Amino acid sequence: MGAPTWPPSPQRSGRPGEPGAPLELALRLEKVSKWFGGLRAVDDVELTVRPGERRALIGPNGAGKTTLFNLIAGALPVSAGRITLFGDDVTRLAQHRRAALGLTRTFQITNLFPSLSVLENALLAAQALTPAKFSMLRPRGGFGELDTRAREALRAVGLEDRAQSAVRHLSHGEQRQLEIALALAGRPRVLLLDEPAAGLSSAEAHLMTSLLRGLDPAITLLIIEHDMDIALEVAQHVTVLHYGKVIADGPREAVKADPTVREIYLGA
Amino acid sequence: MKDRRGIVIGLVAVIAAAGVAPLLSAYPLTLLTQAAIVAVLAMSLDVLLGYTGLPSLGHAAYFGVAAYAVGILATDYQRGFLVCLVAGLVLATLTAAVFGLLAIRATGTYFLMITLALGMVVWGLAFRWVSMTKGDNGIAGVPRPELGLPWSMGAPLPFFYVVLVAALVAWALLGLLVRSPFGLTLQGIRESDSRMRALGYNVWLHKYLAFVLSGAFAGFAGVFWAYYNGFVSPVDVQLVTSVETLLMVALGGPGTLAGPALGAALIVFLKNFVSVYTKRWLLILGAVYIGVILFAPRGVPGAFRRNR
Amino acid sequence: MRTRAFTVLLLATFVAPLLAPPAPAAQGAPIKIGFLAPLTGPFAQIGKDMVNGTELFLDEIKREVAGRKVELIVEDTEGQPSTALNKSRKLVEQDKVHLLTGGLLANVGYALQPFIDGAQIPATYPVIAADDITQRKPAKWIVRTGWTTSQPMHPFADWVLKNTKYKKITTIGMDYAFGYETVGGFQRVFEEGGGQIVQKIWTPLNTNDFAPFLSQIKRDSDAVLALFVGRLALQFMKQYEEAGLHGKLPLLGGGTTTDESVLPQMGDEALGTLTALHYSQAIDSPANQKFARAFEARAGKIASYYSEATYTNMRWITEAIKAVGGKAEDRAALLAALRKVDIKDTARGPLSVDAHGNPVQTIYIRKVERVGGKLQNTVITSYPAVSQFWKYKAEDYLKQPLYAREYPPCKACQ
């Protein structure tokens, strides 16, 4: 495991030996499936995401969206298929190794470090991909660079004033913001956002939307969002999942107009 | 802030102990010595239980392995302090390194059961490998070490000060450890290992390192334990010792270092003094434990809940 | 809130010892005796018997010897060596006792030995029987008033050779030093006299089911020698009968297998078992009848060797204190007196001490019988004045290794 490759080196795109790939893809899923016993939670999913793209993943409850995220992030092993990240096959790679390649995620159900402070949460994210995390005898204060990076991530989501608060004392909305900050502090290339606006009031959701829209355009975003308005405001491209299968994929207007999609999802 | 309070209370306790020691008769002094040694054991377990969220029920194993190393080397081979110290530390660390490979994959109750079983293996060895350990009879007559100091370690006071210094060193090192980035990593694992994985941590590796380090410090305590008692027996590695250590940590408050250390001292004194005044001392100790479990905000149940 | 309560508790426990008044050591002050016994944990019942035996004798002498009061300070060892060590330190260094006594388990005995010799405090072991404490690792300051584990087994083997037709014996015993020394003592004398141990089975201390071990026993053995203690003795007896072995394969045993601390809870399955020990509650002597009756009246249960051991131990100690004219402060003199005790009429018979600090005493060959509706260890015969070295010369005996799991080796086992 080396240091994270950020910013992504330009030499890596346009890999030789892959004809027909004019631009290297940030993320590519080929015939990815996941079975739980007899249940096909994710079924032969094909998905390609270009670098810097904002992609929304929508579908009714139980469509397999979060399972798909778990497969991409490496929290669950795939039953079949292949996943590549910037051209590297990561299908069998452990979750932390994928994170080292620049892939990170947030959680639908807030997953933070509740008894630590906000700053400590961000520090954990900032040091995750640096050798400093193995440092055992130097106090945390001695790592200025990490501290800066952690505070930057907090500033990006507007939490810099709450740095010393314990996470469990934050409001739900603030905790959702911190979810994003943790993902940003590791400086990811591909970011998987699992319902970032879950449980937010409409005012907070609005704040979250503008936060997401203001993210570094170099970051590739894949967003699961239940709230169509938010999803379509952030993403230009939409993939629709239904019973584990991709039933539509394309620019948002086209997907919006798709009759099947309207029937099973938007129409209701 | 809570950190600082722990350090202050701990330092006050250490200074008070060091100050009154010359005024004490031999018996309370030996108890203070014992308290200091057991405090190191409790702090070593705190790294696992309090910081990493791993409730080990086999901690007596590393403690005991080191004590046995000292017992055997100091009696059968008449080795000096340095050889015994290094051998004790190395063996305890190696034992933890092997056991960690087997235990770390498991979590929660399963981790508890596996560490318990591994601890029993060491107990069984201590009991059955008679040619090495003298079995149930134990190894008696471990001489106090010669440290090249002007004072004989055979006297209770100099030995107490040596142990106190050793305990302070252990406390300082562990204190640095938990305040380092690595220590933060361990707390992150305690709070949410799924998030840690998503952030890019090799959770297994960090847990493993914590497990081995914790074992090494338990071994450090074990070295002094062998010298303190002058005697090593399977009792030192038995389940009761592990459980008692776990309760010391719970009593003092896991994840504070100073707390478990004081919890350890408290139990040593409770055991030895309450029992003088009443035969029902076990009842009192039991009531203390139950009180902690019911009322301590971060007691044993907290550690288990986090781990689920 | 919690912190404050914690602080108070902390202060209370740390300050309490400082307030304890220093003990005066003047003549005329009471003679203090520190007594160690397991009063909590799995051996608490035996610990209670030990205390009762001691108190019984002290009451009989009105807690006075050579014109001085005797004060007994009892401490709980929990059956653990490290606790026993702590309590011994407390008794010697804080309470300033003149003599230390008690203890049940061998590991406690070994753990205390360096401390006792280091503190140069006269001590006696009434129950701890581990052979080497008075053999290969003798302690200068400890006098044994009880027995060594193998002491009754040597004459027992002699008796079995001469009075039965058993030539091939299987042994089954608890897998620890007490078991090894019991079986080892028997094996040595038995095989030197022409008998054979054909199989040795060791059972773990935490055995819950003896069936798998019982099924291994060679059915063509002439008899089985069993060594168990406490709960395991009860269970072994029951399962021995359930396996259909009672009455088919005669049962011999170490003394604890049928001693009076477990015998009242046994049934007909124990009948006929032959054992050897330095005591039986059924010894028909005036001294024993008096002791046994008094103990039963006091404790509400029949006397066992544990209570007799501590009763006689206290008598031994008072004899020594009398011999030094009550000057218990003179430790060397007291130790010398302890090593010279010679009493003709203890509950277990005449007692004297050998040069290594172990009693020379009568060993009783006993058989479990039902008398007046109750089981008892009827004395069949006795071997007077048995030393821990049996008929061997002490020097030769001590050149042999300590009896162990593999010693003596089992030559007739396959």
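How many helices and strands make up the secondary structure of chain B? There are 14 helices and 2 strands in chain B. Keep in mind as you look around that this is a predicted model.

**Chain B as a whole**

Let's start with the overall build. The radius of gyration of chain B is 19 Å, close to the 19 Å that the globule rule gives for 308 residues, so chain B is as compact as a globular protein of that length. If you follow the C-alpha trace along its principal axes, chain B spans about 55 × 40 × 40 Å. Buried residues account for 59% of the 308 residues in this chain. And if you take the contacts in chain B between residues at least 6 apart in sequence, 78% of them link residues at least 24 apart.

**Two helix pairs in chain B**

Now zoom in on helix 3 (residues 60–75) and helix 5 (residues 108–128) of chain B, whose axes come within 9 Å and cross at roughly 25 degrees. Angles under 35 degrees count as roughly parallel, and therefore helix 3 and helix 5 of chain B are roughly parallel to each other. Helix 3 of chain B passes helix 5 of chain B in a left-handed crossing. On the helix 3 side, the contact is made by Ala60(B), Ala61(B), Gly64(B), Val65(B) and Tyr68(B). Helix 5 of chain B brings Leu118(B), Gly119(B), Val122(B) and Ala126(B). Sort the residues of this contact and you get 7 nonpolar, 2 polar and no charged.

What about helix 2 (residues 26–52) and helix 11 (residues 239–252) of chain B: at what angle do they pack? The angle is about 75 degrees, with the axes 9 Å apart. Helix 2 and helix 11 of chain B are therefore roughly perpendicular to each other. Helix 2 of chain B contributes residues including Leu41(B), Leu45(B) and Asp46(B), while helix 11 of chain B contributes residues including Leu246(B), Met248(B) and Val249(B). The residues of this contact split into 7 nonpolar, 3 polar and 1 charged.

**Where the chains meet**

Of the 2 pairs of chains in contact, chains A and B share the most contacts. Chain A and chain C, on the other hand, do not touch, and their nearest C-alpha atoms are 19 Å apart.

**Some residues to look up**

Is Arg92(A) buried or exposed? Arg92(A) has 11 C-beta neighbours inside 10 Å, so it counts as exposed. You'll find Arg92(A) in the loop between strand 5 (88–89) and helix 2 of chain A. The C-alpha atoms of Arg92(A) and Val78(A) are separated by 8.4 Å, and these residues are 14 residues apart along the chain.

One last stop is in chain C, where a cis peptide bond joins Tyr407(C) and Pro408(C), with omega about 0 degrees. Look for Pro408(C) in the segment after helix 12 (394–399) of chain C.

Technical notes:
Residues numbered from 1 in each chain as written. Chains lettered and ligands numbered in written order. Predicted model: local features only at pLDDT ≥ 70, side-chain atom pairs only at ≥ 80, totals over all residues. Helix = DSSP H or I, 4+ residues; strand = E, 2+ residues; numbered from the N terminus. Rg over C-alpha atoms; globule rule 2.2 N^0.38 Å. Buried ≥ 20, exposed ≤ 12 C-beta atoms within 10 Å, placed from the backbone. Contact = placed C-beta atoms within 7 Å. Axes fitted to C-alpha atoms, helices over the stretch in contact; angles between N-to-C directions. Parallel < 35°, antiparallel > 145°, perpendicular 65-115°, else oblique. Left-handed = near helix turned anticlockwise from the far one by under 90°. Nonpolar A, V, L, I, M, F, W, Y, C, P; charged D, E, K, R; others polar.
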